[in-house]
Amino acid sequence: MLEDTSFAIRPVDQADEKEVWQPVGDVQKIEEKKQICSFTCENASGKIHFYRDDIVRVTIDPFDGKYDSVSPAVIATPEKVDVHVQEKENGWTLQTKQLTVIIERSPFRLAIYDQEGTLLVRDVQPVCFEAKGRMRCTHALAPTDVVYGLGEKTGVLNKRGAVWTMWNTDVYAPHNLETDPLYQSHPYMMVLKNGHAHGIFFDHTYKTTFDLRHESFYTFTSDGGALDYYVFAGPHPKDVLAQYTHLVGRMPLPPKWALGYHQSRYSYETEQEVRELIDTFRAKHIPLDAVYLDIHYMDEYRVFTFDQKRFPHPQSLVQYAKEQGVHIVPIVDPGVKVDAEYDTYRDGVQKDYFCKYADGTLYKGDVWPGTSVFPDFLKKKVRKWWGEQHTFYTDIGIEGIWNDMNEPSVFNETKTMDEQVVHDGWKTHRQVHNVYGMMMTEATYHGLKKQLKGKRPFVLTRAGFAGIHRYAAVWTGDNRSFWEHLELSIPMCLNLGLSAVAFCGADVGGFAHDANGELLVRWTQVGAFFPYFRNHCAIGFARQEPWAFGETYEQIIKRYIELRYEWLPHLYSLCFEAHQTGVPMMRPLMMEYPNDRETWNISDQFMVGNEVMVAPVMRPYTAHRIVYFPEGRWVDYWTKEKFEGGQRYIVEAPLDRLPIYVKEGAMIAHAKAKLSTFIKDEQLTLYVYTMKEGTSTYTLYDDDGTTFAYEKGEYVHMHIRATFLDDTVYFEVETEGAYEPTWQLRVVFVGDVPSTVVVNGEQRAIEEASIVL
């Protein structure tokens, strides 16, 4: 019957119709005012804006401001920059102390160079746009250039050879090399060009793609919005991170307990089970700082509730855990169950705080509680309200929250919210999807911070966008108990760290599928050096507590959890470095050795700071592996065997040994193993790996580990310089900060013990290869 109506002559979708990309055209005029160079092209307007001598922003808009940015990533304001502008026949040159930007007149193209004349960015095709609001930029890339970053991506360390999509997505299916996108979007990458690094941040919240398949160029494309990207001059990888994190912020110091060992399961289903879990850890003398409550603690999965049958005395449970030195961390999802008798739902509806369609209809989607609504976190007043809801937890002593399902995940074919939902007025979900989870986590962090009255909150999140590290730690989501996923976890965490997310980790042992004792041992060994260290597994699969696979495996796992606590002074000092500079605790070798080509593509080794290298075993039934040693001489942490740099060695790695190597000359602070970070250290040991001649430095940081007093100078910062010469070690020690540590620092020499030790000009007696600083 429809064939008798106008339906018969309806337009037919041209599914295979090619995109029509239009260049922005020639530059028609240009104006320079202070440090902003504005230009007009035939089909677009744009700006070159210098934020610092080493940071430049490029914006190009063919849409007359139709697509306003909603990105919360950039928090820095531009500094005063002296820019020299020179007009030439073919265009213009803009120059600062560290960057030179060349604008080509016809057609508009950009080229950006650093102070040494190294090419950073060059348009190899004109900037283009497409009628539906899409934009594309194409930059030169040499065949030997290496690309890192892009946040949470599977695969190897070097991200070339694939197309990477930024669209936060809940992926429970196995994370294979081709699985993309995942839970977070970080449209930022670092390029290493013959040892010189620079960075690109494409500040877009729409779905974006980075096409790195080509030998001589790469493209980045947005599905909507004007072009907006930043270039960071480098030239060292650490410089790039310092520049990027200047722009998007750096992580606050987490509470020290957040760096301890965490145990989780989907789910510990009753209060009694949680108590027994903690009791077992303590009876077996295995360190533990946190236990997680997954969704079964709630009343039919309603957030801000406890199931009265499963968890009848939550405050008592939290108090009991704290008496054992353990924090309880409950999960909180964004979906709010549709239930007229449920306070959170009723209050949010009355205040008009949930996401809607343009016609005012509430958006509803299915998640764990069934039909649910979702807070509009793009609204400041909603974020404030959501944060206030957490008094439900903080009033009973909880100090950490786990945000999950916040991509947002919805149980439908698209896996998320309808793109036609509008936020904060008329911003479509298509526009704000990638920042939804970050805004939820910001609300959580600020709510906890206010309620904890001076204590540092801990927040863990699954979803995020560039800048998420300002509010939360990140884990890599629903991995599997496969050896391949153990291997994947290392480059994933390394690239998160290179994307400013210094406090990250993966589910130790794997979330889904059945682990076994050998896999759990090897993963725990790696996890002990992840910035964030949590064992987590799913319902219906083999349990993964340290004792789950018998005594032999238990003792090895226990030893590496203890090792984590022994290394905590070093890790906490690196955490402070990340807070100050943006440089992560867990680093790829290329960050420390960018001029060594052998390090550029190493995905199965990593640095912990600048002088410790870890080379895990990631295959079953394996007791040897090949390790690459960069320049210098390296000392086996366990056997004290020495290895010359610039070579590869086959090393022994029986099941109970994680290959760890310390560079000769290094200094590493250790503590004694303890059951929890609640226990104060009475003595720290500074292990000094002696060398015949040379100088090394070390910075040891500490504070109360709990409050924000460090922001007011309540910390201790020991800067130690050691000079090795003629069988003598000269220590220069400078201490700053008002914090009085609970510990005494003792120096122990590893290697050849010097005959003479001088500390700040005063000779010290050596007793049993050690002294007290």
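Guide: In this predicted model, look at helix α10, residues 551-566, and helix α11, residues 568-581. They pack at an angle of about 55°. Their axes are 5 Å apart. Why these two values? Two packed helices are described by the angle between their axes and the distance between the axes. The angle makes α10 oblique to α11. Now find the residues that touch. From α10 come Arg-564, Tyr-565 and Glu-566. From α11 come Leu-568, Pro-569 and Leu-571. Sort the residues of this contact by type: 4 are nonpolar, 2 are charged and none is polar.

Next, turn to a sheet. It is open and has 6 strands, in the order β35-β36-β37-β42-β39-β40. The pairing is antiparallel. At the edges stand β35 (586-587) and β40 (642-644). Each has a single partner strand, so one side of each is left without a neighbour in the sheet. Step inside to β36, residues 606-608, and β37, residues 612-614. These strands pair over 2 bridges, in the antiparallel sense. Here Met-607 stands opposite Met-613 of β37.

Finish with another methionine, Met-189. It lies in strand β15, residues 188-193. Met-189 has a relative accessible area of 0%, so it is buried. What does Met-189 touch? Leaving out residues up to four places away in sequence, its contacts include Val-147, Tyr-148, Leu-150, His-198 and Gly-199. Ile-200, Phe-210, Leu-212 and Tyr-218 also touch Met-189. Val-651 is 462 residues from Met-189 along the chain. The C-alpha atoms of these two residues are separated by 33 Å.

Conventions: Residues are numbered from 1 along each chain as its sequence is written. This is a predicted model: local features need pLDDT of at least 70, side-chain atom pairs count only at pLDDT 80 or more; totals for chains, interfaces and linings use all residues. Side-chain values use heavy atoms; hydrogens and water are left out. Axes are lines fitted to C-alpha atoms, for helices over the stretch in contact, and angles run from 0 to 180 degrees between N-to-C directions. Helices (H or I, at least four residues) and strands (E, at least two) are DSSP runs, numbered from the N terminus. Angles under 35 degrees count as roughly parallel, over 145 as roughly antiparallel, 65 to 115 as roughly perpendicular and the rest as oblique. Contact means heavy atoms within 4.5 Å. Ala, Val, Leu, Ile, Met, Phe, Trp, Tyr, Cys and Pro count as nonpolar, Asp, Glu, Lys and Arg as charged, and the others, Gly among them, as polar. Buried means under 20% relative accessible area, exposed over 50%, partly exposed in between (1.4 Å probe, protein chains only). Two strands pair if DSSP finds at least two bridges between them.
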